[in-house]
Amino acid sequence: MLEKGTKAPDFELNATPDQKIKLKDFIGKNVILAFYPADWSPVCSDQMALYNEMLKYFSKHDAQIFGVSVDSVWCHLAFEKDRKLHFPLLADFEPKGAVSKAYGVYDDEVGESKRALFVIDKEGMIAWSYLSPTAVNPGADGILDALEELDKK
Amino acid sequence: MSNLKPEVSNSDHVQGNDAATITIVEFGDYQCPFCGDAHPIIKEIEDTFGDQIKFVFRNFPLQESHQYAFSAAAAAEAAALQGKFWEMHDALYENQYRLDENLFEELAETVGLDMEKFQQDFTSEAVKEKVDNDFESGVRSGVNGTPSFYVNGTKFDGDAAALHQMLEESTE
């Protein structure tokens with residue numbers, strides 16, 4: 001897993017069938033990446049629902065959050081709609097798990113992303129990362145602590 | 001391990017013995033079915049452990065998932081301004097199965113509130129701020145779902161039934 005102080009690997013992933021998100025377009029903004037195993041599985045859903053409630057706290061710190069899993073854009077769209085999510089979910093779908101692998105958070109055995117959080121600073125450097133046990137929703141306090149540290153710089 | 005931030009203070013709603021050795025803080029949502037399930041278990045815990053327990057409730061309404069969660073929290077906080085937080089708190093959980101926008105005034109009358117004051121407070125900035133502050137404290141404390149419990153300031157990884165069991169074992 002990539003640690004603090006590493007340059008965040010750039011990526012280009014679909015958020016919707018016709019919208020791609022490039023990490024390098026977010027230079028100048030803090031970015032939160034929340035890798036999670038799968039849409040629809042109960043723990044992840046809680047985790048994404050929690051982040052959905054916290055968008056105003058993230059934007060206070062000038063941060064954009066993205067969820068990332070190996071599910072396809074169509075699956076993400078249905079999931080976003082069902083849970084009324086107001087932030088993009090990115091499809092690490094083809095080649096499968098490539099971005100998760102680049103960040104060192106791919107689980108080869110099950111073929112899913114691990115549950116991992118990254119906070120990337122405005123220069124594109126990883127400022128904080130955290131690997132959670134797959135069954136445990138890591139909450140958001142670690143993310144907020146990391147964003148607060150960045151605000152002090 | 002996540003810790004409660006900020007600590008319990010006089011802006012919290014506290015039930016039970018002020019000098020109790022065990023302080024339980026719940027972050028809850030009045031529309032969350034798991035919090036509804038936890039409600040009678042918390043009552044049991046309070047009955048069983050009596051003076052040993054102090055119980056604190058903070059609001060953690062998941063507004064995007066539950067359309068009445070914020071209003072329900074505001075109703076409880078508005079009742080608090082008339083000294084009836086716990087009456088409203090209990091009434092909301094006991095009537096969770098029929099929660100909708102018409103329920104709040106009905107419950108306010110049932111618990112005996114001054115209706116004019118209730119209506120004013122229900123939508124006031126002060127009440128909204130109290131609920132928001134509770135939510136933010138939950139975020140800072142590492143709440144990862146509702147209900148989340150803290151025992152003497154440390155996050156307890158388990159539901160109300162597990163909490164009951166842990167207390168039985170630790171007070172034996």
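Mentor: Start with residue classes. Ala, Val, Leu, Ile, Met, Phe, Trp, Tyr, Cys and Pro count as nonpolar, Asp, Glu, Lys and Arg as charged, and the others, Gly among them, as polar. Keep in mind that this is a predicted model.

Trainee: What is the volume of the largest pocket, and which residues are closest to its centre?

Mentor: It holds about 850 Å³ of space. Its lining takes in 35 residues, and Asp46(A), Phe34(B), Asn144(B), Gly145(B) and Thr146(B) are the closest to the centre. Both chains take part. Helix 1 and helix 3 (73–83) of chain A each supply at least two lining residues, as do helix 1, strand 4 (148–151), strand 5 (154–156) and helix 7 (160–171) of chain B. Helix 1 of chain A gives the most, with six residues. By class, the lining has 17 nonpolar, nine polar and nine charged residues.

Trainee: Why is another space called a cavity and not a pocket?

Mentor: A 1.4 Å probe fits in a cavity but cannot get out, whereas a pocket is open, so the two words exclude each other. The model has one cavity of 30 Å³ or more. The largest cavity has a volume of about 60 Å³, so it passes that cut-off.

Trainee: Which residues line the largest cavity?

Mentor: Among them are Cys35(B), His39(B), Ile42(B), Lys43(B), Glu46(B), Trp86(B), His89(B), Asp90(B) and Tyr93(B). Helix 1 (33–49) and helix 3 (85–94) of chain B give two or more residues each. Helix 1 of chain B gives the most, with five.

Trainee: Now the two chains. What makes Arg140(B) and Glu148(A) a salt bridge?

Mentor: Their side chains meet at 2.7 Å, N to O. The cut-off is 4 Å between a Lys or Arg side-chain nitrogen and an Asp or Glu carboxyl oxygen, so this pair qualifies. The rule finds four salt bridges across the interface.

Trainee: How many residue pairs are in polar contact between the chains?

Mentor: Seven, counting pairs with both residues at pLDDT 80 or more. Helix 1 (42–53), helix 2 (55–60) and helix 5 (141–152) of chain A each supply at least two residues of the side that touches chain B. That side has six nonpolar, four polar and seven charged residues.

Trainee: How much area do the chains bury between them?

Mentor: About 1,400 Å², with 46% of it on carbon and sulfur atoms. In chain A, the residues that lose the most area to chain B are Glu53(A), Tyr57(A) and Asp141(A), together 41% of what that side buries.

Trainee: And how many residues are in contact?

Mentor: In chain A, 17 residues, and in chain B, 17 residues. Contact requires heavy atoms within 4.5 Å, so each of these residues meets that limit.

Terms used
Residues numbered from 1 in each chain as written. Chains lettered and ligands numbered in written order. Predicted model: local features only at pLDDT ≥ 70, side-chain atom pairs only at ≥ 80, totals over all residues. Heavy atoms only, no water. Buried area = accessible area lost by both parts, 1.4 Å probe. Polar contact = N/O pair within 3.5 Å; in protein donor to acceptor, adjacent residues only side chain to side chain. Helix = DSSP H or I, 4+ residues; strand = E, 2+ residues; numbered from the N terminus. 1 Å grid on protein atoms, 1.4 Å probe; cavity = no way out; pocket = protein on both sides within 12 Å on 5 of 7 lines; lining within 4 Å.
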